[in-house]
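Let's take a friendly walk through a structure and see how its chains meet. Keep the 3D view open as you read.

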Protein chains: 6
Amino acid sequence: MYAVEVSDHIMIAHSFKGEVFGPAQALHGATFTVAVAFMSETLDQNGIVVDIGCAIDVLKATLKVVNYKNLDEIPQFNGVNTTTEWLTRWVFDQFAAAVKADKLGRAPREIFALRVTVGESPNARGWYEAPLW
Amino acid sequence: MYAVEVSDHIMIAHSFKGEVFGPAQALHGATFTVAVAFMSETLDQNGIVVDIGCAIDVLKATLKVVNYKNLDEIPQFNGVNTTTEWLTRWVFDQFAAAVKADKLGRAPREIFALRVTVGESPNARGWYEAPLW
Amino acid sequence: MYAVEVSDHIMIAHSFKGEVFGPAQALHGATFTVAVAFMSETLDQNGIVVDIGCAIDVLKATLKVVNYKNLDEIPQFNGVNTTTEWLTRWVFDQFAAAVKADKLGRAPREIFALRVTVGESPNARGWYEAPLW
Amino acid sequence: MYAVEVSDHIMIAHSFKGEVFGPAQALHGATFTVAVAFMSETLDQNGIVVDIGCAIDVLKATLKVVNYKNLDEIPQFNGVNTTTEWLTRWVFDQFAAAVKADKLGRAPREIFALRVTVGESPNARGWYEAPLW
Amino acid sequence: MYAVEVSDHIMIAHSFKGEVFGPAQALHGATFTVAVAFMSETLDQNGIVVDIGCAIDVLKATLKVVNYKNLDEIPQFNGVNTTTEWLTRWVFDQFAAAVKADKLGRAPREIFALRVTVGESPNARGWYEAPLW
Amino acid sequence: MYAVEVSDHIMIAHSFKGEVFGPAQALHGATFTVAVAFMSETLDQNGIVVDIGCAIDVLKATLKVVNYKNLDEIPQFNGVNTTTEWLTRWVFDQFAAAVKADKLGRAPREIFALRVTVGESPNARGWYEAPLW
C-alpha cells in the first residue's frame, strides 16, 4: 500500500460544552496542524499517488473555511464540540468529497482510503482513518 | 476509526544482556518519549475518544514507576532486557488494564485497540499495537 | 556563557486591532509553545545554571494566568494586541521578577539575562532577550 | 504487533517527466529522510524485533547507492520518475531482499511486514507498507 | 531585543567544486528550510516587529528565484559554491535590500539586524547574522 | 557572522549529588542530542565555515568517550555532577582543542567562537557559548 501525506495549519478559537473538558470549557484556541494522507494500492503512470499540487490546493481551500475563525460562530458547526477528534472527521469528509469529485488528479476509485491527523500541541493529537468505498 | 494520542517522556538507566547489543551491554541510559494512542470506531456524546485529562493522568502514574530509575534494579523487570520494544509492551499492558478498569472516561468496550510508541533517539523508535478485546 | 532553557505550551483565544493583521483581526486562537532561557557566566556548586524544577514551576504558574483563556478578556491586557512578540515580553517580565525574588534556586545577580521564545505555528515564532541588570 | 523503525537521510538531485509535476519537471533536488519499520508478532529471546545495528548497516548500504547522486543518471532508474512514492518502494524492495537473505539478525519468517517512509519536506511525505510473505 | 522569524523551504540541485566536499562534488540536491529573523529594540504601535504577511511574501518571492532549480545553472551564481553558508548570506542580502526598500511594513531604521538560518538535513544547518546599519 | 552547526546524540547513565536534583539523585539516564556550532566572520575560498566532514568526525570521536557509558564511572569525571550544562562545557573544551589543533579544515584563528547545545528532553536543553581567543 502506498500513501502520500500533505500538511498545513490553522489558528482558531473555540470552546467546549461538558464537564469532562474542565478549563477547556472556556473560550480558548489552538494552532492545529492538519495532515491528510491518501492511500492507494498502486502508483499511476507518473509514479505518484495523487497530484500533490491538487492535494495542497484542496487542503488550503478546506482550511480557509475555519482558519482565523471562532469555530463557535460557524453556523454549520452549531451545537457540536469542535474537538480535535471531531475536526479530523470534518476534514476527512471534505476530502472524501473532493476525491469523489475527481479533484486530486487521480481516478477516484484508485484512492481506497484517507487518514486525517490533527495535532493540537506537542503532546496531543488525533486522527481519523477510513476506507472511501 | 478515530484515534487520540498523548505523550510524555522518562529518563532512565539500564543495560542489556546479549552480544547482539554490542556497546549497549554496558550500563547506559535513555530519554524515552512515550506516546499512547486510543482507537475507537465512534466518538462519545462529548465528541471525544477518551478524556485526555484521564489519559495524561494514567500516563504520568504509569511512567512514575520507571522515571529517574535504573531499570536493572526494578524487581518486576528482573531478568528481562528492558529494550525499547519491550517497554512499548509494558506500557501497553498498564493501559490495557486502565481501560478495562474504566479509568479513561470512556466505556471500556468502546476502545477497541491501543498503540504505544517509544522513541529512544532522533533515529530509532518502536511501537506495540494490539486490539484490547 | 551558559544557558538553560525549559519549555511548555498554552492554548488561547485572542483578536487583534489594526488593518495590518488582515484575517487575524477576527477572534481566533493559538497553541503557543513558550520557552524560557536563563543565562549565567558560571555554573553554581551543583553544576547547574538554575534549579530546573523551580524554572518549570514558575513557568507553569506564569502560564496558568493565560492558559485556556480569551486574552481579549483579561483585564490587565486591556487595550493591547497580545501578539506573539508582545507575549514574549510579558513572559519575560514575569520571569525577571521571579529571578529577582530569588525563586529560581540561584543567586539573582548570577543570572545576567533571559530569553523568552514563543512559537505560534511551524512557520513563525518570536523572542525577546534582554539583560536583567 | 511490534515494530522497530530506524531512519537516516540522503541528498539527491532528480527531475520528473509529466505536466502534472509543474516546476518539478526541471532538475532540482531533495533532502529525503528515510525511515524503515520492521513488523513482528513477537520479540525474540533478546527482547528485540531486529538487530538495530544490522538495520542501520543495511540502511546505510542501501542509501549509499543513491546518496549525493543525480538519480536521473543512475542506469537502473532509467525511464522512471523517482518520486517520493517510488523511492519508498525502491527502499522497501532492498529491505525485503535483505530480510529474506537473513541480514537483520532475526529469522526472516518472523518479520511479517515492512513500512518505508520518505519525507521530502516539512509538509510532504510518502510511505509504502506491505507484507513480506 | 525583540525578534520575529518566519520560515519556508526550497528543493534544489547543485554541485560543489573542491576536494573538501568529497562525494558532494557530484551533482546532488537538498531540501533547504529557510528561516529569516528580524531584530528590533521596540515593537511598533500595533505590537509587532514586522508585518508577518509582508515577511512571508518577501520570503516567497526571494525563494522563487531558486526553488526547483539547479543552482549550477543560475547565471548570477556562476562560479560560486552554493553551500548552505553561502545561501544564508544570499538570502540575507535579499532581505537587507527589502527592509531598506520599506517592504516589511516597518520603518527600515527600526529593524537593526537580520539572521537567516538554512537547514540542509536533520543534522546540519548554517546561519548568517549581521546588523543592517 | 557565519555559523555552521552539526549534531549527533548519545545514550548515557548518570546520577547527581545534591538535594536540588530531587529524584534525579538516583541513577538514571538520558539520550542527549549534542549540537556544535562554529562561528566565523568570513567564509573560506570554498564558501564554507569549516569542513563539515571534519566536524562530524571530531563530534563522533568526542562523543565516543561517553556514549553507552555510566558517566559516574568515567575517571576524568570523578566528583562532578555531569549535568546537561556541565556537558555543554565539556564538549566545548574538546572542540576548542580540536580547532586549535587545526582539525576542522579551517585556519584556527578564523573560527572566533563555538556554541555547544545539549538537549536532554523535548522540554529542556542547555548551551555554552564562548569566544575561542
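Start where chain A meets chain C: the contact takes 20 residues from chain A and 20 residues from chain C. Keep in mind that this is a predicted model.

How much area do these two chains bury between them? The size of an interface is often given as the accessible area lost when the parts come together. For chain A and chain C, the buried area is about 1,600 Å², and carbon and sulfur atoms give 69% of it.

Between chain A and chain C the count of salt bridges is zero. Polar contacts do occur, with seven residue pairs found across the interface, both partners at pLDDT 80 or more. On the side of chain A that touches chain C, the elements giving two or more residues are β1 (2-14), β2 (28-40) and β3 (113-121) of chain A. The largest share, five residues, comes from β2(A). Sorted by class, this side of chain A has 10 nonpolar, eight polar and two charged residues.

How are the two copies placed relative to each other? Two copies of a chain are related by a rotation about an axis and a shift along it. Here, chain A can be laid on chain C by a turn of 180 degrees and a shift of 0.0 Å along the axis, with an RMSD of 0.0 Å. The two copies are thus related as by a two-fold rotation axis.

Next, turn to chain D and chain E. Their contact takes 20 residues from chain D and 20 residues from chain E. Together these chains bury about 1,600 Å², with 68% of it on carbon and sulfur atoms. Within chain D, the residues D:M11, D:L27 and D:Y68 supply 33% of the area buried against chain E, more than any other three residues.

Between chain D and chain E there are zero salt bridges, while seven residue pairs are in polar contact, both at pLDDT 80 or more. On the side of chain D that touches chain E, β1 (2-14), β2 (28-40) and β3 (113-121) of chain D each give two or more residues. Of these residues on chain D's side, β2(D) gives the largest share, five residues. That side divides into 10 nonpolar, eight polar and two charged residues.

Terms used
Residues numbered from 1 in each chain as written. Chains lettered and ligands numbered in written order. Predicted model: local features only at pLDDT ≥ 70, side-chain atom pairs only at ≥ 80, totals over all residues. Heavy atoms only, no water. Contact = heavy atoms within 4.5 Å. Buried area = accessible area lost by both parts, 1.4 Å probe. Salt bridge = Lys/Arg side-chain N within 4 Å of Asp/Glu carboxyl O. Polar contact = N/O pair within 3.5 Å; in protein donor to acceptor, adjacent residues only side chain to side chain. Helix = DSSP H or I, 4+ residues; strand = E, 2+ residues; numbered from the N terminus. Nonpolar A, V, L, I, M, F, W, Y, C, P; charged D, E, K, R; others polar. Least-squares fit on C-alpha atoms with pLDDT ≥ 70 in both.
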